[in-house]
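Thanks for coming. Please look at the structure on the screen while I go through it.

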Amino acid sequence: MLKLDGCVIENGDFTLSADIEIKAGTSVAIIGPSGAGKSTLLETIAGFRDLKQGQIFWNGQQISNLLPGKRPMAMLFQDGNLFPHLTAEQNIALGLRPNGRLSQDEQTQVQSALDRVALQGLGARKPSELSGGQQSRVALARVLVQRRELLLLDEPFAALGPALKAEMLDLVAELVAEAQSTLLMVSHDPQDARRIADQTILVADENVHVPARTEELFENPPPSLRAYLG
Amino acid sequence: MAERAQPVSPWPGIGAAALVAALILGTLAAVALRAETSGGFTPADWAALRFTLTQASLSALFSVALAVPVARALARRRFPGRRALIALLGAPFILPVIVAILGLLQVFGRSGWISDILGVFGLPPIRIYGLHGVVLAHVFFNLPLATRLVLQAWQEIPAERFRLAAQLGCNGLAMFRLIEMPMLNRALPGVLAVVFAICLTSFAVALTLGGGPRATTIELAIYQAFTYDFDLGRAALLSALQLALTAATALIALKFSRGDGFGTGLDRALRRWDGGAPAIDTFWIIAAAVFLLLPLASVVISGIAGFFNMPAIVFRAAMISILVAAASTAVMLLLALPIATTVANGRYGLVELSGILGLAASPLVIGTGLFILIRPLANPASLALPVTALVNAVMALPFALRILIPAARDITARHGRLALSLDMTKWTFFTRVLLPRMRAQIGFAAGLGAALSMGDLGVIALFADPQIATLPLQIYRLMGAYQMQAAAGGALLLLLLSMGAFWLLDRGGRWHAEA
């Protein structure tokens, strides 16, 4: 279980309060108006921002004093998820060994991750030689080999067309289900939330609302969500 | 609270910056301590100060006054070869001073081309030595820089302004008063200050074209106090004077200057509607190109003749120069890369300041200080080459940092979070992400550093004994011995080595580099 206990996040002149619990193994969408702090929330959970108050726990262990790389989570950003000078294989390998060479067994893992995201034979290509969708698949393959318990997505597929984005979200849903990991996904599109998230968190009015069942939330939206949906 | 996460460690950069600061400030302290024991300024010292200020003022004035019409012509004309000409304007930066001097002598000297032409009409030859020779050489080096800076200011005028002015029916003088004069009023003080600051520390030009009691700069006076009289106290006193002067001017220049003249986008020609006289622009462009190309062409032509019967000592000097340049470039990168990495990672103003201290320092002052420090421990002449490499590295460091810091900042901002989330160590991020991504900039900086070191005629003159010389010093000695053909051959070799080193390293950095 991921627990944000009395958390207050400060970003410039705006603050965000969060006091929520997310059950392990669920997929959660984070929606809200732009500028409300969705990305700020995700960055804080990932360890790129300091908390002003409160603590973050994962399965009872406090993780809010850990460096980003030591937290039990993998994250995909809006852009810059691959190193452009490294091949697809090398990018994926960083998820297993960020600082060294791969063993034979680990190389096999990289290959099967490539297979799993349907990029067989493209491992030697650099990101510039891959399409946008293929680049996203490489990033997901790396997430796969990282084997972290939490996956945080900060709209990594925003630049893709609607059909491709849906395809990627389905792939994410499959991977998350296979690994039984917990998914936190920022989105500004209710369709994304409905597609793969059991639960949805609304971020609005400097407040992180408690997770609600996605279907129920959209069928009966609170005032701030109604204002956002229009 | 989480520890503030950074993808790279700031400490190597802080260490490198501390080393640079210790070298510059330590030698300064050594000089200052020594200076107290001296007997004050002599009339010759005041004359040196006056000459330094006079030549720097005149050089700045002429460079900028000529740069304005050339930049104006380049800003509003498009012609084949325009890009090449603008690229050529960047070349004097890495052109060895001694090569240019030889070329200027061959064109403007007593037995040069112009004097020959004057002789045909029964006129006396030009005398190049003294104030006007020093100013001529400085204009040769700084007219291109000033032109690039002024051109940059010109190109920054939004095209809409010209469109609006044209629509209002402004032409010629009205357009100039409305748009261009305000721009020049803002831009020129900075350009003047930059050229003035550069000319203040000029040593090699004054050494070759100046000299004598009426044409000695402070840098040259330091050198003379050192080599002729071996008066360390006086050298130290002059060093202190020079330092106060350069520091004050550097501050003024930094305050006024905005761009650095190395920027891109200069090859864009503005669309204008005020016509203007093409003949005037053509004249200025051709005149500037001839002024810059003629001395170089002269060196190449005379050098080819001398190239194949150069004394072996020239090749020995060339080997030494290559070694010094390689060592200097390596030291410069070892200092610049950690400093750039650290500065890119946050607010490390002091680190950045230490890196650019070299702009205000004079190489002869550092050299004097090192001499004073080394002398109790070892024979300074035996350390001439390492000291030259070190001083060259520190002098090139500010330029390298201007190239590397923006790239390092960009890469850290773009990939830092991903590296952190992957739990990459700081060393891995440096070697696997930062270095490969910065290859093009590293190559460019290394090329500049190598070319600057290869062509440098400064500290080496202070330290070297007759047995040992870098190529620029050897050329200078050959010129002093009136072996002009051997000197010309050496100058061509030096030109090829400097430009070759720059080209090789710059190209090497971009070889197979991905976007």
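Strand β3 of chain A, residues 27-31, pairs with β8(A) in the parallel sense, over 4 bridges. Two strands count as paired here if DSSP finds at least two bridges between them. Strands are DSSP runs of E with at least two residues, helices are runs of H or I with at least four, and both are numbered from the N terminus. In this pairing, A:Ala29 stands opposite A:Met185 of β8(A).

Before I go on, this is a predicted model: local features need pLDDT of at least 70, side-chain atom pairs count only at pLDDT 80 or more, and totals for chains, interfaces and linings use all residues. Residues are numbered from 1 along each chain as its sequence is written, while chains are lettered from A and ligands numbered from 1 in the order in which they are written.

Back to β8(A). It is also joined to β7(A), by 5 bridges, and these two run parallel. There, A:Leu152 stands opposite A:Leu184 in β8(A). Is β8(A) enclosed or open? Of its 5 residues, 182-186, 5 are buried, so the strand is largely enclosed by the rest of the structure. Buried means that 20 or more other C-beta atoms lie within 10 Å of the residue's own; with 12 or fewer it is exposed, in between it is partly exposed, and the C-beta atoms are placed from the backbone. Both faces are covered, with A:Thr182, A:Leu184 and A:Val186 buried on one side and A:Leu183 and A:Met185 buried on the other.

Strand β1(A), residues 2-11, and strand β2(A), residues 14-22, run antiparallel and are joined by 8 bridges. A:Ile9 stands opposite A:Leu16 in β2(A). The hairpin has 2 residues between the strands, and A:Gly12 takes a positive phi near 65° in it. Strand β2(A) also runs parallel to β10(A), residues 207-208, with 2 bridges between them. The bridge partner of A:Ser17 there is A:Asn207.

Two other residues of chain A have a positive phi. A:Asn59 has one of about 50°, although it is not a glycine. This residue is in the loop between β4 (53-58) and β5 (61-62) of chain A, and it counts as exposed, with 11 C-beta neighbours inside 10 Å. A:Glu155 is not a glycine either, and its phi is also positive, at about 50°. The loop that holds A:Glu155 lies between β7 (150-154) and α5 (162-179) of chain A. Is A:Glu155 buried or exposed? It is buried, because 21 other C-beta atoms are within 10 Å.

Now chain B. Two packed helices are described by the angle between their axes and the distance between the axes. Helix α4(B), residues 97-108, packs against helix α12(B), residues 278-307, at an angle of about 95°, with the axes 8 Å apart. That makes the two helices roughly perpendicular, a term that covers 65 to 115 degrees, with under 35 roughly parallel, over 145 roughly antiparallel and the rest oblique. The axes are lines fitted to C-alpha atoms over the stretch in contact, and angles run from 0 to 180 degrees between N-to-C directions. Among the residues making the contact are B:Leu102 of α4(B) and B:Val299 of α12(B). Contact means C-beta atoms, placed from the backbone, within 7 Å. By class, this contact has 9 nonpolar, 4 polar and no charged residues. Ala, Val, Leu, Ile, Met, Phe, Trp, Tyr, Cys and Pro count as nonpolar, Asp, Glu, Lys and Arg as charged, and the others, Gly among them, as polar.

Last, how many residues of chain B are in contact with chain A? There are 20, and they meet 25 residues of chain A. Helices α16 (384-421) and α17 (426-437) of chain B each supply at least two residues of this side. The largest share, 6 residues, comes from α16(B). By class, this side of chain B has 10 nonpolar, 4 polar and 6 charged residues.

How values were computed:
Two residues are in contact if their C-beta atoms, placed from the backbone, lie within 7 Å.
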